[in-house]
Amino acid sequence: MGTPLLTLSGLTKAYPGVVANDDVSFDIQPGEVHALLGENGAGKSTLVKLIYGLVSPDSGKMALNGMPYAPANPNAARASGVAMVFQHFSLFDALSVAENVALGMDNSPPQGELSTKIRTVSDAYGLPLDPHRTVGDLSAGERQRVEIIRCLLQDPQLLIMDEPTSVLTPQEVEILFKTLRKLSAEGTAILYISHKLEEIRSLCDNATILRLGKKVATCIPAQKTAAELAEMMVGTSLKPPKRAAEVSSEVALHVSGLNLPPAQAFGTSLRDISLTLHKGEVLGIGGVAGNGQDELLAALSGERLCAADQVKLDGKPVGNLGPTARRHLGLLAAPEERLGHAAVPDMSLTENALLTGVTRQALAKGGWINWAAAKGYAERIIHQFDVRTPGPHVAARALSGGNLQKFVIGREVLQAPHVLVVNQPTWGVDASAAAAIRQALLDLATQGSAIICISQDLDELMEISDRFAALNEGHLTHARPAAGLTIEEIGLMMGGAHGMEAAHV
Amino acid sequence: MDLSSINPVLLLASLMVAATPLLFAALGELIVERAGVLNLGVEGMMITGAVSGFIIAVESGSPALGFICAAIAGALLSLLFALLTQVFLANQVASGLALTLFGLGLSALLGQGYVGIKPPSTPKLDLGMLADIPFIGRVLFTHDLMVYLALALAIAIWFFLHRTRAGLILRGVGENHDAAHALGYKVVMIRFAAIAFGGACAGVGGAYLSLVRVPQWTEGMTAGIGWIALALVVFASWKPGRVILGAYLFGGVNVLQLNLQAAGAAIPVEYLAMSPYLVTILVLVIMSAERSRAPASLGRPFHASH
């Protein structure tokens, strides 16, 4: 091997109270696809920010092509040939594709010329894009193409991709991988961040594994099993959740012909949704983000109302009832966004427990809050769901994602719901907390509750679901038994490749 | 009532004058809001501009110098707001309201010795032949430079926002400040510049009131025009063209109701006085009924987390 493209040696970065990166060193060769693996909070994002010039290291050095490399800001990083595709926060919804691309370039040509360039490059890499469309109207897969094209137009030597496949259908992932392999063959190195182990095994040449800010191993992922990689990431072995529930033939929830316009600009309409959920059953609902997941949860929880008999709980029409009335009848929900939707960030855990538990746990009487009971309820959640926190007086904001998620799910589970609807129950949660949450959902189903689990994590859905359905542009497919579904079948249910085509290699 | 006493030519000509202060203030606020900042201090910056422009013009005898100083005074006051909201991350709504109250008080203090004085008159632009065209010439071409400057500013702002890279960056910052930061743009600096520009425009608008439109200094003479400017920006869907339309509509109804008052219309004066506010808001509400979006980061505090 010649000179490595990028050398990291002894990078350390500390934030108050936490060492995000502790003496991390590794090399990336030109044309190499290098995976960066680790759980949430392992320090992957911080490391990438160091390389992209968003933060500077406390100590340690980087070298690019053998020359010292210390970007002061992202512009300097881009000028040195380092480009990045972000997981969040990097597109401007109200601007057009071409404008978004222009903002990510340092010397963007005039709009007309840029549009032509976008078309040329996007066709060459099999990622067709119309430069004049507004980004807010694009699907998640198309939005990602905008980011990739933005990077490719600058001929990067190193392309950093942060969790690029979390928003894609399996078919779209396949096309993305073809594009990445083509880039790698042309000599562009790729630093690929993910926690999807099978993807890393099929795509990456090398992997660096981080745990709690430290590099714990380097390996060739194709030579390891997914379970071995997971063990290196987590540090212990994980048991897959067990389930022994029997689905009864009694219907718990029935939705028929549900149509809802979007609540806000760039939202998705629900189109003619019908589903039947039996007692003791887990229905997994997959689909790419932004295909109506939030809207479906809102329609089921009662945040958005519809005609009374479009939603029936235990045979009773509830479509016109609000969330509190539905909770009273036993239909509970835990939305995706933990801070701000499922929990109030600046309120204590006791107060947050009270907010949804007040009806079914009788925590208030005649308008007066029974604080002792509310605190007791919060303590029960903390105890039974192993929420790591000093106590129920702590603000929700202070909990880590995984702990808060355990609290949010526990709060609903302990209310003995007839039907529980959860959206992305393990999003951004570390592997052991995710396993605990899945097990809690399965235990609830065993007790006879019916569960709808909306998620973008297909592995999770296959693990816990009895039946599987997919949301695609506001339509819900017919639910099929989850056992025996292949990844191709699931992909087609999710809407296939959304008009993508493979790279013209 | 004697309607014949209302001269349509004079009416239309004074409409342009009446609209100009509002147009300046609203255009400045448009840029501020496009950068994602909600500055409710327009009224305070306008009246500070009005009093400082007036004082400087009276003392120096030069209206031009008055306008320049009004712009500087408005910008300085707005930088106080920028410091509070962008550096100390204070609440934008509360800081804006405080700025208005502060501006009203400060201007009353500064203007104490200047009540009842006449400012040096701002010369009309000599447009020669054009002003001699019957009717149109009298309506359009007999004004001072500031009237045309306000219109030119609206066009320049449109061009800046939609045709220049700097304008694109400004819109990007207002749309998603986290993304703009991640791409390496200096969100806080860009917003400081936008806020200062907004302050300067509001200051000039205020000075136009005290130097041309009224022309004299009275306490609280902006009389809510700053608030109308704020409403105008929202109802104009953050588009400079519509801001012109709204400002001229407001100016038109305002001039008309003054004329009606003078002609002794049989409507109580209070109703006439509220009509420009009502009509402007009503028309713009109807216009903004179509789908239009505020800059997505508007009013949200930005704090770089790394």
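Analyst: Angles here run from 0 to 180 degrees between N-to-C directions, with axes being lines fitted to C-alpha atoms. With that in hand, let's look at this predicted model. In chain A, helix α6 (residues 170-185) lies across β3, β7 (158-162) and β8, and runs at about 145 degrees to β8(A).

User: What makes β3 and β8 of chain A count as a pair?

Analyst: Two strands pair if there are at least two bridges between them. Strand β3 (residues 33-37) and strand β8 (residues 189-194) of chain A are joined by 5 bridges, and they run parallel. For one of the partners, look at Leu37(A), whose bridge partner in β8(A) is Ser194(A).

User: Why is the sheet with the order β6-β7-β8-β3-β9-β10 in chain A called open?

Analyst: That sheet has 6 strands with mixed pairing. Its edges are β6 (82-85) and β10 (214-219), each with a single partner strand, so one side of each is left without a neighbour in the sheet. On average, neighbouring strands there are turned by 20 degrees against each other, direction ignored.

User: How do you know that β1 and β2 of chain A pair?

Analyst: Same test: at least two bridges are needed. Strand β1 (residues 6-15) and β2(A) share 7 bridges in the antiparallel sense, so they pass. Tyr15(A) stands opposite Val18(A) in β2(A). Both strands belong to an open antiparallel sheet of 4 strands, ordered β2-β1-β4-β5.

User: What sits against α2(B), and at what angle?

Analyst: Helix α3 (residues 63-87) of chain B packs with α2(B) at an angle of about 145 degrees, with the axes 7 Å apart. α2(B) passes α3(B) in a right-handed crossing. Among the residues that meet are Gly44(B) and Met45(B) from α2(B), and Leu77(B) and Ser78(B) from α3(B). The residues of this contact divide into 11 nonpolar, 9 polar and no charged.

User: What makes residues of the two chains count as touching, and how many do?

Analyst: C-beta atoms within 7 Å make a contact. By that rule, 20 residues of chain A are in contact with 16 residues of chain B. α3(A) gives the most to chain A's side, with 3 residues. That side splits into 12 nonpolar, 5 polar and 3 charged residues.

Terms used:
Residues numbered from 1 in each chain as written. Chains lettered and ligands numbered in written order. Predicted model: local features only at pLDDT ≥ 70, side-chain atom pairs only at ≥ 80, totals over all residues. Helix = DSSP H or I, 4+ residues; strand = E, 2+ residues; numbered from the N terminus. Nonpolar A, V, L, I, M, F, W, Y, C, P; charged D, E, K, R; others polar. Left-handed = near helix turned anticlockwise from the far one by under 90°.
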